[in-house]
Amino acid sequence: MPCNCCEITDNAFSEAEARAELRNYRRRGPMNQTKLILEAIRSLNLKNVDLLDIGGGIGAMHHELLADVARAATHVDASSAYLKEAKTETARRGYSERVNFIHADFTDVAHQVQAAEIVTLDRVVCCYPDFRRLLTAAADHSQRALALTYPRETWYMRIALKIANFFQGLRRDPFRVFLHPVSEMNALLEKEGFERVSRRHLFVWEMALYRRAAM
Ligand SMILES: C[S@@+](CC[C@H](N)C(=O)[O-])C[C@H]1O[C@@H](n2cnc3c(N)ncnc32)[C@H](O)[C@@H]1O
């Protein structure tokens, strides 16, 4: 099922890009912002938990966490090209039995997806126009922790994304990148019952780790 709210198509996330990302992952391991999520999740000392990775791309999050934290993973992605590469790598690592792949806009299928202890969204909210809809659905599915990365709200990221979106327009590609307000994402997750326990950043990306607050 293609994404029907945003403009995620196999044009925006093409087979060539997905193959290149998988090649890079095999050569160099997870990207730096993914490493921030992995470190944050590992700091919780959870074992044998279920992972729900929304917009998992080539699947780096579960390739890594199935080794020591997760017993099983669900990977939901709107791009068939990325899912194809994720499945290939999952099989190569011998994890096929432990990963459930769903090709969809998560917000469309959320009601059919099981909750998990850990939910991750690595570089995903910035692809999606309606962060409230996406994060509310993600929060509903997290029993213990939720970690996400998103572009930093800095002057240079505002300019960079304006330029990127301008060229997308010139190419007549409807896909856009979004710089959602961090304070509003945080307020939404707090309202959903989470507290932010860690926040780190690189030059481009910021990572936030949330835990479900004690009742
Ligand atoms: C920039 S890529 C990041 C992939 C991976 N998380 C990573 O960091 O390498 C964004 C991914 O999120 C997916 N995506 C964005 N919004 C989505 C949604 N609402 N439901 C499912 N997948 C989504 C896209 O298809 C794409 O594969």
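**Figure 1. Elements that line the largest cavity.** In this predicted model, strand S5 (142-151) and helix H8 (182-191) each supply at least two residues of the lining of the largest cavity. Helices (H or I, at least four residues) and strands (E, at least two) are DSSP runs, numbered from the N terminus. H8 gives the most to this lining, with 4 residues. A cavity is a set of points, on a 1 Å grid over the protein atoms alone, where a 1.4 Å probe fits but cannot get out, and lining residues have an atom within 4 Å of a point. Residues are numbered from 1 along each chain as its sequence is written, and side-chain values use heavy atoms, with hydrogens and water left out. Local features need pLDDT of at least 70 and side-chain atom pairs count only at pLDDT 80 or more, whereas totals for chains, interfaces and linings use all residues.

**Figure 2. Residues around the largest cavity.** The structure holds 1 cavity of 30 Å³ or more, and about 30 Å³ of space lies in the largest cavity. A volume is the space filled by probe spheres set on the grid points, which are joined across faces, edges and corners. Among the lining residues are Leu-148, Tyr-150, Val-182 and Met-185. By type, the lining comprises 6 nonpolar, 1 polar and 1 charged residues. Here Ala, Val, Leu, Ile, Met, Phe, Trp, Tyr, Cys and Pro count as nonpolar, Asp, Glu, Lys and Arg as charged, and the others, Gly among them, as polar.

**Figure 3. The largest pocket.** About 860 Å³ of space lies in the largest pocket. Of the 46 residues that line the largest pocket, the closest to its centre are Phe-13, Glu-21, Gly-55, Asp-122 and Arg-123. A pocket is an open set of grid points with protein on both sides within 12 Å along at least five of seven lines. Helix H1 gives the most to the lining of the largest pocket, with 5 residues. This lining divides into 26 nonpolar, 10 polar and 10 charged residues.

Figure 4. A nitrogen atom of the ligand is 2.7 Å from a polar backbone atom of Gly-55, and a ligand nitrogen atom is 2.9 Å from a polar backbone atom of Phe-106.

Definitions and conventions. A polar contact is a pair of N or O atoms within 3.5 Å; within protein, one must be able to donate a hydrogen and the other to accept it, and residues adjacent in sequence count only if both atoms are side-chain atoms.
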